[in-house]
Amino acid sequence: TCPLQTRFLAPGRGGGGLRKTLPGLETAKRRLSVLAAELAIENARLHSIARRGVLQPGAKTDLILAPVITRDLATFKRSLVVSRGTKHQVRLGAPALAPEGVVGRVVAVGRHQALVQTIFDPDSRIAVTNLRSRVPALARARGSRLLVLDYAPERSDFRIGDTIVTAGLGGVFPRGLRVGIVTYASDEPAELFKTVEVRPFADVTRLDQLFILKLPAKAHALRQDEWLDNIAPREIEIPGQP
């Protein structure tokens, strides 16, 4: 039989082991998230190479891990502020991604923070294509949960369950990044354009971090917005991140 004091100490020892394990689990979770985002980029690159998209063979794709520190208080979806800026090589116009899919793009950047316009902002537009049928369209927000595709011809081939990806047009998003899944496609012969609704893969409201695609130095003329450095703590450090 074990001594009485050993029995009382056992729970404490277990708790100590748990405290040591939790940081390791968080680190592993973060690494898996980075890996998933890198795989999404690599998948887009392969599609791009196959179809002569905007990412060139052999080009190195770097991702900047960016913690979300605040968001618009009206909807929690239209914009996000992240604690990464010019100091971390974030550039204006850079795509913002989650492992699940496209989040938005950087529309303003300061030294320590950047403002991300999400796909749910009413002014957001993304050139997309149907991964199966290759039909192009333009995605914009409809309400707080869905995107709608504009300019999809009435006879175009869209089906429920189709995957929608970026088309690589407009110079912002590389070709082949996952955007969402078709949840509704109208079939009205009298309509000039088909009504297509898409549920995004990335849940913007649940993001506590995202990834920003690192652009070449000459990709955009950089505009620095100092007001961003005054709306949130200057830095939120993540272990293992520069």
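Which residues of strand E2 (residues 79-82) are buried on one side, and which on the other? Here are some notes on that and on a few other places worth a look as you turn the model around.

1. **The opening question, and what kind of model this is.** Please keep in mind that the model is predicted. In strand E2, Ser79 and Val81 are buried on one side, and Leu80 and Val82 are buried on the other, so both faces of the strand are covered. In a regular strand, side chains alternate between the two faces of the sheet.

2. **The neighbours of E2.** Strand E1 (residues 63-71) pairs with E2 in the antiparallel sense, over 3 bridges. Within that pairing, Arg71 has Leu80 as its bridge partner in E2. E2 is also joined to strand E5 (residues 114-118) by 4 bridges, and these two strands run antiparallel as well. There, Ser79 stands opposite Gln117 in E5.

3. **The overall make-up.** The protein chain has 1 helix and 12 strands. Reading from the N terminus, the order is α-β-β-β-β-β-β-β-β-β-β-β-β. The chain has 242 residues, of which 44% count as buried.

4. **Strand E11 and its partners.** In E11, 4 of the 5 residues are buried, so the strand is largely enclosed by the rest of the structure. E11 pairs with E8 in the antiparallel sense over 3 bridges. It is also joined to E10 by 5 bridges, again with the strands running antiparallel.

5. **The salt bridge at Glu197.** The side chain of Glu197 forms a salt bridge with Arg142, with the closest N and O atoms 2.9 Å apart. This pair links distant parts of the chain: Glu197 belongs to strand E11 and Arg142 to strand E7, 55 residues apart. Arg142, with 35%, is partly exposed.

6. **Other salt bridges.** The structure holds 7 salt bridges. One of them joins Asp162 to Arg132, with 2.8 Å between the closest N and O atoms. That pair also links distant parts of the chain, with Asp162 in the loop between E8 and E9, and Arg132 in the loop between strand E6 (126-130) and strand E7 (136-142), 30 residues apart. Asp162 counts as buried at 7% relative accessibility, whereas Arg132 is partly exposed at 36%. If you look around this pair, you will find that Arg132, Asp157, Arg159 and Asp162 are linked in a network of salt bridges. Elsewhere, Asp203 and Arg206 meet in a salt bridge, at 3.1 Å from N to O. In that pair Asp203 is partly exposed at 34% relative accessibility, and Arg206 is exposed at 70%.

7. **The aromatic pair.** The count comes to 1 aromatic pair. It consists of Tyr151 and Phe193, arranged edge-to-face, with 5.8 Å from centre to centre and 85° between the planes. Tyr151 sits in the loop between strand E8 (146-150) and strand E9 (163-166), while Phe193 sits in the loop between strand E10 (178-185) and strand E11 (196-200), so the pair ties together parts that are 42 residues apart in sequence.

8. **A nonpolar patch at the surface.** Tyr151 and Phe193 turn up again here: together with Leu192 they form a nonpolar patch on the surface, with about 370 Å² of accessible area in total. Leu192 lies in the loop between E10 and E11 and counts as exposed at 66% relative accessibility. Tyr151 is exposed too, at 55%, and Phe193 is partly exposed at 39%.

9. **Charges over rings.** The charged end of Lys77 sits over the ring of Phe120, at 4.5 Å from the ring centre. Arg178 lies over the face of Phe201, where the distance to the ring centre is 3.8 Å.

Terms used:
Residues numbered from 1 in each chain as written. Predicted model: local features only at pLDDT ≥ 70, side-chain atom pairs only at ≥ 80, totals over all residues. Heavy atoms only, no water. Phe/Tyr/Trp six-rings, centres within 6.5 Å; stacked < 30°, edge-to-face > 60°. Buried < 20%, exposed > 50% of the residue type's maximum accessible area, 1.4 Å probe, protein only. Lys NZ or Arg CZ within 6 Å of the ring centre and 35° of its normal. Pairing = 2+ DSSP bridges. Patch = residues over 30% accessible without salt bridge, like charges linked within 9 Å, V, L, I, M, F, W, Y side chains within 5 Å. Areas by Shrake-Rupley, 256 points an atom, 1.4 Å probe, with all protein chains shown as cover. Salt bridge = Lys/Arg side-chain N within 4 Å of Asp/Glu carboxyl O.
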